[in-house]
Amino acid sequence: MAQDVFMDPWQTATSFSMEDEDLGMPSGKYARMDDEMGGENKERFARENHSEIERRRRNKMTHYINELAEMVPQCAALGRKPDKLTILRMAVTHMKAIRGHAVHDETSYKPSFLSDQELKHLILEAANGFLFVVCCQTGRVLYVADSIVPVLNLKQEDWLHRNLNELIHPDDQEKIRDQLCGSEVSVNKVLDLKSGSVKREGTSSRVHMSCRRGFICRMRLGNLEPLHRLRNRRPLFQHAGQNYVVMHCTGYIKNAPPQGIDAPSSSCLVAIARLQVASMPICADPTSTSQFAVRVSEDGKMTFIDCKVTDLIGLNVDQLIGRYWWNLAHPADEKTLQDAFVALLSDQPMRLQIRVRTATDYAPCTISAYKFMNPYSEQFEYVVATHQIVTSTEEWNPTAAVPPQQPQQQVPNNNAPFDTSDYSAAYAVNNGNTWQQWADAPGSSTSGGF
Amino acid sequence: MMRATKSQAQQRRQLENFEFSQLAKELPLARAISDQHIDKTTMVRLATSYIKLHEIFTSPNKGYYCHDSYWTSNHLELLDGFFIIIDRRGDVLYISETISIYLGLSQVEMTGNPFIDYIHQQDIECFTSAVNYCHPNWPQMCNLRVKSSLTKRANKDAIRASPGYKVLKIEITMGETCSTRLISCYPMPTPILSTLSISSQSFVIITGLDLCISYADDKAIQMLQSIYASNNLKGVSFYSIIDIMDSEIIRKNAL
């Protein structure tokens with residue numbers, strides 16, 4: 001049953017006809033009968049049971065042999081269905097051909113389904129990873145696989161013989177040093193999972209760490225332009241004009257450089273670094289480029305703002321945090337947004353089209369918001385508000401024709417659940433600098449826009 | 001006449017057995033495994049998967065990044081996970097031998113068989129949809145319970161755990177031919193040990209069931225307190241220190 005679910009949507013044409021009952025393991029039916037039957041019956045059933053098993057085995061074999069015949073080109077070329085012996089002979093010849101083709105050097109050959117090069121390819125494709133070797137004493141890169149190119153947009157030469165410190169985020173250098181020197185320094189705290197307490201472990205209890213290593217660090221991205229693997233799926237860090245991506249490194253410390261690497265004898269780290277891929281698009285996804293999220297606390301203040309806000313409306317996160325959410329709206333829409341927020345707190349879902357401020361002007365925007373409740377305590381945590389900047393003017397359809405109002409004519413209302421005096425104070429402080437643009441932006445100039 | 005047919009059949013079987021032994025030699029298995037008795041059906045199943053696998057890998061793009069002089073033969077041991085390649089029917093074409101380290105399952109047994117046979121019944125739908133919604137360069141991810149012979153029997157400490165299964169975090173990528181899927185599997189850290197080592201770069205917070213912070217170690221205070229709480233991290237909701245777009249993910253995981 002489940003197999004059908006899997007096959008249907010994926011591919012349509014398959015010549016697959018396999019009777020599940022004939023191929024599955026012998027069901028428990030006969031085994032159970034054995035216990036219940038008396039002596040003579042038992043023997044008879046045992047015989048039937050055995051022939052049943054034999055029949056299944058033969059069916060299974062026929063199925064696999066037929067499948068093999070389909071896969072071996074020499075058999076397919078015959079034009080008629082060859083007998084079992086011919087299929088086997090041709091399969092052996094074909095396998096020899098594949099193996100001969102796959103084996104490059106006999107010395108390091110270890111039988112496996114995939115050759116080293118094929119596995120490297122698989123590690124690159126399925127895990128976005130590459131192999132590297134670093135000298136523990138000097139931190140110098142002794143080897144890096146060419147599959148680094150699509151992962152970090154860097155050439156092999158950009159890594160080879162360089163110090164690893166130059167290739168990773170400055171804040172991660174100390175951590176890497178701990179990993180390379182193999183000392184116990186980095187692991188002196190222990191979390192007891194039963195009591196939930198954190199203890200400092202006596203340094204004498206463990207003399208040395210195992211040679212296994214696993215750590216996360218940020219590695220510098222290059223700028224080979226056309227290659228940008230998974231560019232929407234990897235968290236980016238910026239430092240001194242360079243981009244860094246998060247990499248998982250796993251491997252072990254060896255006492256000497258691996259064979260085939262020309263380096264002075266000293267211990268080194270052999271590891272695979274693989275890209276940390278996010279389960280969701282991080283940024284610049286076609287569907288969410290014009291969206292930013294805001295977290296609003298119970299008193300209506302913005303406590304978190306997506307940094308995309310800067311790209312979208314040209315305002316800095318620092319300018320916005322701590323302000324009332326409705327300060328973001330066009331003065332004429334402030335009241336609408338504030339009312340919607342109050343309604344939202346009393347469990348009315350919110351979807352609103354208003355104008356929001358930008359650095360120089362106003363932009364039409366669709367806001368959808370919901371209350372985020374703590375799933376355990378069912379207490380109010382915050383409001384999650386998604387702001388979609390509307391780029392096409394046709395889509396813009398204000399919910400209500402709001403009459404133009406004087407921007408700062410906020411009437412203090414004692415019944416309102418918000419501390420409005422605080423609001424005006426904050427406004428006054430900032431009025432002198434960046435917020436000036438907002439206050440100065442004439443409301444009439446926006447009307448032409450929509 | 002009867003005897004003639006009988007000896008003919010016998011001769012045919014001998015010839016077949018010889019070819020089977022030749023086939024066994026060609027299977028890409030370590031001698032330790034192939035010296036043990038592998039039944040004939042398994043041999044044919046493995047041979048078919050091997051041929052199918054190499055049909056994928058001999059595609060023109062193979063020479064993409066193959067200029068390295070050095071490449072280690074033990075790279076699977078370097079990883080903290082293993083790989084699976086499945087064909088369009090969902091049959092395992094390739095599975096790293098290191099699966100035995102993580103799940104105790106055998107490469108010989110799984111190759112050529114449907115992968116979903118090894119997935120927890122309740123996770124099959126999640127897996128199939130992740131497989132189907134996979135696009136080139138757009139890997140899908142999910143967590144799966146996969147059969148394992150290494151788990152302990154359910155005890156009172158793990159009421160909600162599924163005995164006989166282990167949780168894997170998987171990433172599914174579309175292969176070069178869009179009918180295959182490359183799956184990388186990473187096991188979740190299992191709380192078999194009673195203690196966890198904490199590196200100097202990590203911090204520990206302990207929360208109540210409502211994810212309200214009840215304990216924070218020095219590192220957490222150093223890293224978080226100045227940003228998120230003016231005086232004390234205790235009592236701060238964990239939901240308020242995460243990126244807002246992740247709140248739904250955390251909510252689901254906390255349920």
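Me: Leaving aside neighbours within four places in sequence, with which residues is A:Gln156 in contact?
Reply: This is a predicted model, in which local features need pLDDT of at least 70, side-chain atom pairs count only at pLDDT 80 or more, and totals for chains, interfaces and linings use all residues. Residues are numbered from 1 along each chain as its sequence is written, while chains are lettered from A and ligands numbered from 1 in the order in which they are written. Two residues count as in contact if their C-beta atoms, placed from the backbone, lie within 7 Å. By that rule, and with neighbours within four places set aside, the partners of A:Gln156 are A:Val144, A:Asp146 and A:Ile148.

Me: Why is A:Gln156 called partly exposed?
Reply: A residue is buried if 20 or more other C-beta atoms, placed from the backbone, lie within 10 Å of its own, exposed if 12 or fewer, and partly exposed in between. A:Gln156 is partly exposed because the number of other C-beta atoms within 10 Å is 19.

Me: How far apart in space are A:Gln156 and A:Asp146?
Reply: In sequence these two residues, A:Gln156 and A:Asp146, are 10 residues apart. From C-alpha to C-alpha, the distance between A:Gln156 and A:Asp146 is 5.7 Å.

Me: Which residues touch the most other members of the largest nonpolar core?
Reply: A nonpolar core is a set of buried Ala, Val, Leu, Ile, Met, Phe, Trp, Tyr and Cys residues joined through C-beta atoms within 7 Å. The largest nonpolar core has 101 residues, and those touching the most other members are A:Leu68, A:Ala91, A:Phe130, A:Phe132, A:Val134, B:Ala47 and B:Ile84.
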